[in-house]
Amino acid sequence: MTLPANAKSVATGKENGKKNMSTPANAQKLSSGNGPKWALVALIDLALLYVIFLLYAQGEILFPLTLLVLCSIGTWVFTNKAGYCYRYVYPCLLGIIMFIVFPLVYTFSISFTNYGSANILSLERVKEIHLDKQVKTGDQVYRLALYQDNGQYQLQLTDKNDSANVYTSESFTLDGQAKEVAAQPDTSAQGQKLSMRDIVKQRAALGEITVNLHGNSRLVMSSLREFAAMAPQYREEADNVLVDIHTGESIRPDMVTGFYVNVDGEQIAPGFSVYVGGENYQLLLEDKGIREPFFKIFVWTVVFAALSVTLCAIIGLLLANLMQWEPLKERGIYRVLLILPYAVPAFISILIFKGLFNQNFGEINMILEGLFGIEPEWMTNPTFARMMILIVNTWLGYPYMMIVCMGLLKAIPDVLYEASAIDGATPIHNLLFITLPSLAKSMAPILIASFAFNFNNFVLIDLLTAGGPMRPGTSIEAGFTDLLVNFTFRTAFVAGQDFGLASAIATMIFLIVGFISWVNLRATRSSQEY
Amino acid sequence: MAMVQPRNLHYRVWAARIVMIALLCLVMFPFLMIISVSFRTGNFATGSLIPENPSLEHWAMVLGIPYETADGNIVEPTFPVLTWLWNSIKVSLTTSALILTLSTTGAYAFARLRFRLKHHLLTSMMILQMFPAVLALVAFHAFFNKLGGVVPWLGLNTHSALVMSYLGGLTMNIWLIKGYFESIDVALEESAHIDGATPWQAFRHILLPLSVPILAVVFVLSFIGVIGEYPIASVLLQGVDKLTLAVGVKQFLYAQNYLWGDFAAAAVLTGMPITVVFLIAQRYLVSGLTAGGVKG
């Protein structure tokens, strides 16, 4: 996707976009190395165009179009002198567009469809599936007998209506692969005739066999005893309507529900994805079984993020102060040990906590039992589960706050503390009247960023409780400790696989988080003005 | 050094020490416990911090060595933990290298070159980096599913798809590197230009060698970030041999198949190298993080 760095190294020195530096004198000499660059760009373009063509041939529109636009811009940037400055930005912008902006747009577009496990295919693909359906025609039915000889099998088929009409197939192996075997009018089969019990054992492998009868008709296994001629069930008419060849009934695609329906209105699986307008958003706002858990999860998400930030910030700030306190000589060792929770990968520490908090054989309950005789139900009681999450998240998050605070504390001039010491101030006075006011401005953006991070702290919840315990009486699964992201993830990938609804929730979260980052940006700017 | 010292300083230091030691006990408890559990016999063993009858069975399991129990049964290793570790390292190294390349050139343009839309791009990057990748998982899944139909080595269940999807995480790094580039005097590059260097040469031979510290910070930060990434990997990767460590270790702790002891050994084995790398790089990281933090 990205043009390698050496494409840039042969770039010409004479560029228009760069006005703050003088034009190099030897620019002309360097531009002679353009041959390989053109070849490289052409090669990459060719490869990309091939991929774009294949994607388009699959019936995709959005993906190949995006790729085509990006590919053309890239070609322009790397071949035109006016695009020189963009050569440095283009690769990273490409990454951002492909993996942040594009998924965002795509998610937004999915939220207006019913894309999900029941409606995952395109209309074209569903039509093909229906057209591939085979039914027993009923006019040619043959009893089967299976003969085995040294691992080789032969089928003997006897016409149900005329027992003199016997066909025997060529030898074949039963290895579960789909294959076609030819059969001739013949009564002599090699080897031993297998009993019904053995045929049952070979049922799956036999189901893959198609018998070509004398070049006339093709038979497949229709029951344990019989092979029968098969024919397609549907033929296509105009406007994607399919007609049952044998009954004459027609089925047509319903563009509202995304299913083929027959004249009685019965839906025939599989479904295809269709545009449903604002239905998913309407569901979120109006369906009681979805709206109530959604709102409660939203409130818990905000409470969780706010509490996490507050707890981490308080502990981090106090520890940072202690780490700067000169009389505490051995503070270097404390610092390394205190940073450990941040150094160990979170997925490992969260899982360690999951084991330690286990209700039945977790070490924490064992200690609590021994000391106080209590065994809190960390995993099944909503209140305890939430407490556990906050404890673990504080443990995980305070080192970052401590590191940041330590950096910021260094910037506060010592003279302030000198002056307060002369006035006889206590450490609490120092903290409240010197440290906190000095930190407030530079801490604000960090606190907001940390809030946004915890608002979407998917990994913590997913690994620790997976959202549980579950809320009773909701139409889609929702847990007491679920954050909005976990709720979205479950809706999309675990229960129900409703991608459309999940995308609608994701879009709502996009808006909330976007607002938070906008506020953050304002806060950062105002802090930089000072 | 404060010159005015309160009289009761001695007691305060001791009070602080006691508080610190109590706190460190709480902080270190999970680590000590997990090391202890990894040496206990069996998966449900309980007991004191120092195991009563230490055994290496969990370590053998994790290292992929079949283990013979006391009653003569041979236990085969359940999960390819070392393969997972290798997968994680492979993906993290590739991603970090790519992110470093892309964000360094990008940051150079934002710090030194003039072009249209520069400030708009910077602001929108700031907002975009806040969107969590978890929410775009549906899109990633669909995208690589379809791409895999055309280019098999970029489909679902491949490491290259995973690396690609991690590349979106480079915005923060562009800001970090850009801030560092801006602290380097432009005069150095300008004198190179007077001597006839192209912008690429000035970037390659003057700016880059001067920015090695921040490049190291970015590399280590993205390495740690990728190695701990879990949601995207859990959706894109499916085969047991393809999993990364973050997705894999979870498999030890399913309710119906609870392998607490094996998990402990796997956690210590794989957590150790990452932790050591972090602690070595810690000094630089602290300055990098605070610099990034102050600049937002």
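## Exercises on a predicted model

F112(A) is partly exposed, with 22% relative accessible area; buried is under 20%, exposed is over 50%, and partly exposed lies in between (1.4 Å probe, protein chains only). Residues are numbered from 1 along each chain as its sequence is written, while chains are lettered from A and ligands numbered from 1 in the order in which they are written. The model is predicted, with local features needing pLDDT of at least 70, side-chain atom pairs counting only at pLDDT 80 or more, and totals for chains, interfaces and linings using all residues; side-chain values use heavy atoms, without hydrogens and water.

**Exercise 1.** State how F108(A) and F112(A) are arranged as an aromatic pair.

*Solution.* Step one is the count: over all chains, the structure has 33 aromatic pairs. In the pair of F108(A) with F112(A), the centres are 5.3 Å apart and the planes make an angle of 85°, an edge-to-face arrangement. The rule takes rings of Phe, Tyr and Trp (its six-membered ring) as paired if their centres lie within 6.5 Å; planes under 30 degrees apart are stacked, over 60 edge-to-face, and the rest tilted. F108(A) is partly exposed, at 43% relative accessible area. Elsewhere, ring pairs join F99(A), F102(A) and Y106(A) with F140(B), F143(B) and F144(B) in a cluster.

**Exercise 2.** Find the sense in which β4(A) pairs with β3 and with β6 of chain A.

*Solution.* Helices (H or I, at least four residues) and strands (E, at least two) are DSSP runs numbered from the N terminus, and chain A has 19 helices and 13 strands. Two strands pair if DSSP finds at least two bridges between them. Strands β3 (residues 166-169) and β4 (residues 179-185) of chain A are antiparallel, with three bridges; here Y167(A) is bridged to P185(A). β4(A) and β6 (residues 209-213) of chain A are parallel, with five bridges; here K179(A) is bridged to I209(A).

**Exercise 3.** Trace the surroundings of F298(A), leaving aside its neighbours within four places in sequence.

*Solution.* F298(A) belongs to helix α10 (residues 288-323) of chain A. With 26% relative accessible area, F298(A) is partly exposed. Its contacts (heavy atoms within 4.5 Å) are F455(A), L484(A) and I512(A). The C-alpha atom of L483(A), 185 residues away along the chain, is 7.1 Å from that of F298(A).

**Exercise 4.** Locate A466(A) and L117(B), residues with a positive phi.

*Solution.* Most residues other than glycine have a negative phi. A466(A) has a phi of about 55° and sits in the loop between α17 (458-464) and α18 (484-494) of chain A. A466(A) is partly exposed, at 38% relative accessibility. L117(B) has a phi near 70° and sits in the loop between α3 (81-112) and α4 (118-128) of chain B. L117(B) is exposed, at 58% relative accessible area.
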